[in-house]
Each structure stands twice: as structure tokens, then as C-alpha cells.
Amino acid sequence: HHPFLLGEVGAHFAKKLGIPLVYTFHTQLEKYSHYVPLPQDLVRKAARDYVAAYARKCDCIICPSPSIRGLLDDYGVTCRVEVLQNAVDLRAYRRADGSGVRSGLGLGPERVLCIYTGRMGIEKNLSFMLRAFRNVHRDHPEAALMLVGDGPLLEDLQAEAAGLGLAEHVLFPGRVAYREIPSYYAASDLFVMTSTTEVKPLAVLEGMATGLPVVAVDACGTGDTVTTRHDGLLCECDEEAFANI
């Protein structure tokens, strides 16, 4: 599932035992360069070179979305590549009931609830989401935003929401057990995603499985999942454009 550590162990034993090595390319590693405190251009190049070198050891690479397939071409990968898209089991989402979540959050039926689920990390572009939501809430005071999940930026995002005057309108339930996630989607009116680093985001698929329209930044993974004006709306990575969509 990744080229580092266990990935190298897998490559070693594949060669030793004479069996095929299959790698699932589901993370744009160069997009996570900010976690390495070194010059970013150097880190991004090193990540690309490392993935390309690992790919040369593989017999087959699986891509979870069509758009990520083109990135492997850019890396110069020549081994067999198969697109096997991510999917979710629809049953839990189609029978979900969000009334208990709404009641617990103190949200009346007049509130329009936007939901994001996922890691609270810098690569998710959540500061952008908060700033865009400030513009939304200015014109639509009935709107509320719920960010479900945990991560290193959780407290910073809570402080940022307060600084934007949104403390009462942006909800942070924290980490939620996965079996309870469908009810959070069912409590909501639309799913929002501002990340530009996704490959085939399961959270978007889960929101769609619940019947929620998606509002997202048009980027790899999201762009080949959402069809604009059919099951959602996509736009450029611009705060005003995102707020006004």
C-alpha cells in the first residue's frame, strides 16, 4: 500500500521468493511534503523519484481512480497498471437516520448543515474551508458547518473558527466511531470537500451514498467522482468561487 518501510520489505520478499509485487498507488506522497522540515522543492522531487524507483520493482500497480493513472505516466512508470476504483457498501448509508445527531447537536430543521469528514491535517485545506464558509454564513445565517474527525490541526481549526466569528456555527464533534458515521451524513444537507490531494476520497463516496450533493474543489480524485450539476458542484480553489457556487 505504500513504498516505504513495509513496501520495501514486500519488494525484498517478492524478489527472494520469485512472486509478483503489486503496489496500490493511493497517496500522492509529494503532496505531503510539508511534514518534512526541509526545502519543499527538494522533498517533492525526492518523493517523486522514490515512487518512480519503487514502481520499477513492481509487476503491477493498482490505481483507485482514473485521474491518478496519468500521474504514473508523468513518473515514467512502464509496468502494468490497472484502475480499480474505490467503492463503499451502500446499505449502511441508505438506511441511516440522522435525527439523533441533529437533536444532540441542538440543530433545528431550519438549519442547513454542511458536513466534512476526515483527518484534520494541513493537506485537507480546511482553513480555506473555514474562510469560504465565513462568506457563506454572511449571506446565509441559517447555515452551519460540521467538521467530523480528529488530527493535528483540530485545536488550531477550532481557534480559527472562533477568530472568524463562527464559533457558534462551526461544529467539531471530534473522532466518531466509523459505524456511527452514516448517521452524521444523514443529519446533513450537503457534503463539502476542499482538499486538493485526494486520489479517490471515500468520504465523498460516503456522502453521495447517503444522497448528499457534493460541493468540492475540482482536483484529482474528486473531479472524476463528482459530475457537476448531476450529483454536485465543482469549482476552482478560490474562496469566493467556492462560497458562491
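The side chain of K200 makes a polar contact with the side chain of T225, at 2.9 Å. A polar contact is a pair of N or O atoms within 3.5 Å; within protein, one must be able to donate a hydrogen and the other to accept it, and residues adjacent in sequence count only if both atoms are side-chain atoms.

Note that this is a predicted model: local features need pLDDT of at least 70, side-chain atom pairs count only at pLDDT 80 or more, and totals for chains, interfaces and linings use all residues. Residues are numbered from 1 along each chain as its sequence is written, and side-chain values use heavy atoms, with hydrogens and water left out.

Is K200 buried or exposed? K200 counts as buried, because its relative accessibility is 7%; buried means under 20% relative accessible area, exposed over 50%, partly exposed in between (1.4 Å probe, protein chains only).

Now the salt bridges. A salt bridge is a side-chain nitrogen of Lys or Arg within 4 Å of a carboxyl oxygen of Asp or Glu. The whole structure has 14 of them. One joins E8 and K57, with the closest N and O atoms 2.9 Å apart. E8 is in helix 1 and K57 in the loop between helix 2 and strand 2, 49 residues apart. Helices (H or I, at least four residues) and strands (E, at least two) are DSSP runs, numbered from the N terminus. E8 is partly exposed at 26%, and K57 is partly exposed at 43%.

D150 and R175 also meet in a salt bridge, at 3.9 Å from N to O. D150 is partly exposed at 32%, whereas R175 is exposed at 68%.
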